[in-house]
Amino acid sequence: MSEHQPTTTVQKTELENGVRVLSERVPGVRSVSVGALVDVGPKNETAGECGYAHLVEHMLFQGTGERDAGAIAEMMEIGGGGMGAFTARDYTVYHATVLDEYLPFALEVLGDMLCNSVLPAEALERQRAVILNEISGQSDPLEQSNLLMKSALWPEHPLGFPTAGLALTIQSASRDALVKFMQRHYVGKNLVLAAAGNIDHALFADQARDSFWSMSDAAAAGPAPVPPKHHLGTVVAEPRDCGHVYFSMAWPAPAYTDAERYAWHVFATLFGGGPNARLYRELRETQGLVYHIAAEYQAYGST
C-alpha cells in the first residue's frame, strides 16, 4: 500500500435487530459525538400525515417510561455535553456530544428516547402549539421562495411538503396516529447509529446493543412509498409587499447515492458557496444587481 493512500478507520457492526453501528476513532480527543439517524422524514408521510416526522422528533424529548423531559436534559448535563435533533426531508437525526467516559449515558438516553417514549398527551398539546407557531412564522420571503419551488417540483409527492407540516395536519394529529407512524418507521432496519471520537468500536457496539435491544426489527404495515416525479418548466409567483424580489431556480441533479455528488458539491461551492464564489462576486460586487445570491446542491436518496 502506498504511504500516500488513505486508510479508513471506520468500523461497522449490524445488530440482531438490524440496527447498523458505525464508528471512527479520532486520536487525540477526549470527546465522542454520536448520532442516531432514522430513515424517516417528510418523504414517508401521506398527505394526512404532513409534518408527523418533525412532530415525532419534538415528542421524543418529552418523556419515556423511566424519565420525564427534565430528566432527559439532566442526564445530558451530567455527561458534560449537548444534545439535539433535526428533521430533514429524507431522515431524522438525534445527536449528542459528550466526554468519552459518558458515552454509555448518552447511548442509554438516546435508546430510551427512540425505543420507550410515551408521547405524553399534555406534551403533545405544547409541542403542537410550538410547531403551529413555527409554521405561522414562516414569512421570510427567501425561505418561502424555496418552499414554493419544492411544492412546484413535487406537487403530488411528500418531498414537496414543508418539513414543519401544515397547520391542518398538525392540529388534527393525535397521539395514536403518531404512535402508528413510529411503529412503521422507528425500527431497527431504519436506524444507523454512528459515533466519532475517542472510541473503541467493539465496546461501542456492545453498548449500542444494550441501549437499543428493545427496538423492533419489523415495521408495522403502511402505505408503500411513491417514487418522486419531477414537474419541470413550472413558474410559481407569490406577490409580497416588500422592497425586494426573491426567487429560486432548480433543476435535476444526482441523488446523494450517486458517485457524481462530490462534483456537484464542488460546482455549487464554486459558483455560489460564499462571498468569494463566482455568482456573488460578479452579480453583487461587480454589477451590483443583487443583495444576496447563493447556490446549493440539495440531494435526496431517491432524486
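In what follows, Ala, Val, Leu, Ile, Met, Phe, Trp, Tyr, Cys and Pro count as nonpolar, Asp, Glu, Lys and Arg as charged, and the others, Gly among them, as polar. The model is predicted.

By these classes, the lining of the largest pocket divides into 26 nonpolar, seven polar and three charged residues. This pocket has a volume of about 1300 Å³. It is lined by 36 residues, of which Ser248, Met249, Ala294, Ala295 and Glu296 are the closest to its centre. Helix 5 (141-153), helix 9 (261-272) and helix 10 (278-286) are the elements that give two or more residues to this lining.

In the second largest pocket, Thr87, Ala88, Arg89, Asp90 and Tyr91 lie nearest the centre. At least two lining residues come from each of strand 2 (20-25), strand 3 (31-38), helix 5 and strand 6 (191-197).

| Pocket | Volume | Lining by class | Residues from helix 5 |
|---|---|---|---|
| Largest pocket | about 1300 Å³ | 26 nonpolar, seven polar, three charged residues | five residues |
| Second largest pocket | about 690 Å³ | 15 nonpolar, seven polar, eight charged residues | four residues |

The axes of helix 1 (residues 52-59) and helix 4 (residues 121-136) come within 10 Å and cross at roughly 130°. Helix 1 and helix 4 are therefore oblique to each other, and the crossing is right-handed. On the side of helix 1, the contact involves His54, Leu55, His58 and Met59; these meet Ala123, Leu124, Gln127, Val130, Ile131 and Glu134 of helix 4. The contact comprises six nonpolar, three polar and one charged residues.

Notes: Residues numbered from 1 in each chain as written. Predicted model: local features only at pLDDT ≥ 70, side-chain atom pairs only at ≥ 80, totals over all residues. Heavy atoms only, no water. Axes fitted to C-alpha atoms, helices over the stretch in contact; angles between N-to-C directions. Parallel < 35°, antiparallel > 145°, perpendicular 65-115°, else oblique. Left-handed = near helix turned anticlockwise from the far one by under 90°. Contact = heavy atoms within 4.5 Å. 1 Å grid on protein atoms, 1.4 Å probe; cavity = no way out; pocket = protein on both sides within 12 Å on 5 of 7 lines; lining within 4 Å. Points joined across faces, edges and corners; volume = space filled by probe spheres on them.
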